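Please look over the model below. My notes follow it as numbered points.

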Amino acid sequence: MAAHRSGPPRGRRPAQGEPVIARALRLLDAFQEPQEALSLTSLAARARLSKSTALRLARHLLDWGALERTDGGQFVIGLRLLEVASLAPRGHGLRAAAMPFLEDLHHATGQHVLLAVRDGAEAVLVERLSAHRAGRAAYHVGGRLPLHSTGVGLILLAFAPLDVRERVLEGPLTIEPGAPRVGPDELRRRIAAIRREGTATNTRELPEPMSSVAAPVTGPDGSVVAALSVLAPTGTFDPATARPAVVAVSRAVSRAIRARS
């Protein structure tokens, strides 16, 4: 699922005097799917720039390595961005501490194992381990997930600062295809239950019925820094049975983070 993109409304020219860096970042933000390749026309249209401006900025990004070109002349994200992104402590550092335990959980369940952090009012997936029989998961590493309708998102929402929770509750609670619709009052009750019980369960119907159970990962000061979950086809997976393993792994990851600190 493509993430929500902020910026000037489509069809309007950028404000006069807009910083060049803002336009360049919009070019990078135009890519919405893994391994997506865009023509100059598509790139300019998504970034709301003229083709000449898009080409000029794209050449600078190509020189730096943020973009690359395919044999057919289309633009793709460059490896230099991966190199820089790997330095992010909330991504790579967290992943390094968590990976041995995520692999244990993945081998034990044979299902999807997700690790996510909160970025504003969304979750960002920093790791996903999968298996052939684990069903279809629509999320990819680096992709954004809603806080109010995913297992890891609900954990991150429940333990987010109050102003973040209120912003989500007061905003449009858009629902992913196949996710059960929930109103603000019901979501408040779910948040209270998650804070009380320390875990979250979630289900969706599309692209196929899937269920998840999630638990928080805490940092050195005890605050929730991430959430992990097991996601599996509904009917072959009992969240109640998997909950102890998910909680045990979340606590092990939390201890590993404290040890590294």
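1. Glu 186 and Arg 189 form a salt bridge through their side chains, 3.1 Å from N to O. A salt bridge here is a side-chain nitrogen of Lys or Arg within 4 Å of a carboxyl oxygen of Asp or Glu. Both residues lie in helix H8, three residues apart, about one turn of the helix. Helices (H or I, at least four residues) and strands (E, at least two) are DSSP runs, numbered from the N terminus.

2. This is a predicted model: local features need pLDDT of at least 70, side-chain atom pairs count only at pLDDT 80 or more, and totals for chains, interfaces and linings use all residues. Residues are numbered from 1 along each chain as its sequence is written, and side-chain values use heavy atoms, with hydrogens and water left out.

3. Glu 186 is partly exposed at 35% relative accessible area. Arg 189 is exposed, at 52%. The cut-offs: buried is under 20% relative accessible area, exposed over 50%, partly exposed in between (1.4 Å probe, protein chains only).

4. How many salt bridges are there by this rule? The count is six. Another one joins Glu 166 to Arg 188, with the closest N and O atoms 3.1 Å apart. Glu 166 sits in helix H7 (residues 162-170) and Arg 188 in helix H8 (residues 184-197), so the pair ties together parts 22 residues apart in sequence.

5. Arg 144 and Glu 122 also meet in a salt bridge, 3.2 Å from N to O. Arg 144 is in strand E5 and Glu 122 in strand E4. Asp 119, Glu 122 and Arg 144 are linked in a network of salt bridges.
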